[in-house]
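Morning, everyone. I have one structure to walk through today. Please bring it up on the screen.

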Amino acid sequence: MRKKVLFICGSMNQTTQMHQIAGWMKDYDQYFSPFFSDGLLGTASDMGLLEFTIMGRKRSDRTLEYLRSHDLQLDIGGYQHAYDLVLTCTDLIVPKHIRRRKIVLVQEGMTEPETTLYHLARNFQWIPRWVAGTATTGLSDAYEKFCVASEGYRELFIRKGVNPAKIVVTSIPNFDNCAQYLQNDFKHHDYVLVCTSDNRETFIYENRPKNIRKYLEMAEGSQLLFKLHPNEHVERAMREIALHAPESLVFSEGRTEEMIANSRMMIAQFSSTIFVGSALNKVVHCGLDPDELKRLTPLQNRSAAKLIAEVCRTVLDG
């Protein structure tokens with residue numbers, strides 16, 4: 001019998017990463033699921049209380065639409081089979097029945113800064129890792145291998161306490177070939193791009209009007225172009241931009257990577273989009289020192305999905 005592999009998806013970035021890896025593992029039986037949890041979080045998700053997360057119905061429905069459009073086999077919640085391997089892009093939550101399986105963790109993208117919540121979650125096991133966000137990625141130690149974006153991230157995760165023997169530098173799908181975005185049909189060029197955040201939707205304070213005024217100063221007269229976060233309240237964001245920067249262009253849809261490729265400078269917070277800007281040698285203003293951003297930027301090897309699949313085969317077959 002062919003071995004069975006479960007791919008746990010989530011955001012569209014996570015979902016498309018998993019799909020790419022699966023493309024190199026077609027000799028295994030493959031099943032896919034939107035992100036899920038058990039226990040209290042699972043109940044909260046079922047009650048519609050986690051709409052601001054990847055367990056929300058909106059994102060789950062979008063994931064399911066993508067999976068069905070590509071005729072991929074579904075196992076929502078991962079209960080149908082005793083899987084030989086599980087792939088996931090986050091270990092902030094690892095359901096109990098998944099912990100019994102071999103797991104390969106794949107870095108999703110940018111990790112968030114180490115706040116007080118991070119230090120609490122790292123030092124007190126009774127505090128769930130998810131309260132600190134992606135800053136605690138890798139700290140579950142529930143996986144066999146952890147595929148990461150770069151040597152810089154390998155060093156970062158080791159400093160946080162991740163077992164070095166489990167880390168493999170593979171780069172990550174969606175960020176391993178940023179040069180491809182230079183060839184595009186986006187009609188605007190040489191603007192200052194602002195990639196907004198969903199801080200307010202995830203209950204993190206942000207003074208957006210103040211930030212918009214700051215972005216205007218940073219642009220120094222250049223055209224401002226705003227790309228809104230997919231999880232953001234679009235009408236509110238557009239209303240604020242129209243009030244404080246009325247000459248700006250605003251997009252809620254479209255390929256962010258192509259917008260980055262055509263920009264002369266980009267502004268973001270802690271967003272994985274800054275990897276694209278860094279790989280394309282754009283001027284990037286974000287929450288990281290420029291040298292640190294370069295160290296963390298994913299390897300541009302154009303083969304992350306294939307390399308991750310090879311790691312999976314090693315875990316599956318020895």
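Let's begin in the middle of the sheet. A word of care: this is a predicted model. Strand 4, residues 103-106, pairs with strand 5, residues 145-148. The pairing is parallel and runs over 3 bridges. Look at Val106: its bridge partner in strand 5 is Cys147.

Now zoom out. The sheet is open, with 6 strands in the order 2-1-3-4-5-6 and parallel pairing. Which strands stand at the edges? Strand 2 (29-33) and strand 6 (167-169) do. Each has a single partner strand, so one side of each has no neighbour in the sheet. From one strand to the next, the twist averages 20°.

Next, the nonpolar cores. The largest has 75 residues. Phe7, Ile21, Met25, Leu85 and Leu87 touch the most other members. Helix 12, residues 304-317, gives the most to this core: 7 residues. Take Leu85. Leaving aside neighbours within four places in sequence, its contacts include Met25, Ile103, Val104, Cys312, Val315 and Leu316. There is also a second, separate core of 13 residues. Among them are Tyr215, Phe226, Ala245 and Ile267.

Last stop, Lys166. Find it in the loop between helix 6 (151-160) and strand 6. Buried or exposed? Lys166 is buried, because its relative accessible area is 17% and the cut-off for buried is under 20%. What does its side chain meet? The side chain of Asp141, in a polar contact of 2.8 Å. Beyond four places in sequence, Lys166 also contacts Tyr143, Glu144, Lys145 and Phe146.

That's my tour. Over to you.

Notes:
Residues numbered from 1 in each chain as written. Predicted model: local features only at pLDDT ≥ 70, side-chain atom pairs only at ≥ 80, totals over all residues. Heavy atoms only, no water. Pairing = 2+ DSSP bridges. Helix = DSSP H or I, 4+ residues; strand = E, 2+ residues; numbered from the N terminus. Axes fitted to C-alpha atoms, helices over the stretch in contact; angles between N-to-C directions. Core = buried A, V, L, I, M, F, W, Y, C linked by side-chain atoms within 4.5 Å. Buried < 20%, exposed > 50% of the residue type's maximum accessible area, 1.4 Å probe, protein only. Contact = heavy atoms within 4.5 Å. Polar contact = N/O pair within 3.5 Å; in protein donor to acceptor, adjacent residues only side chain to side chain.
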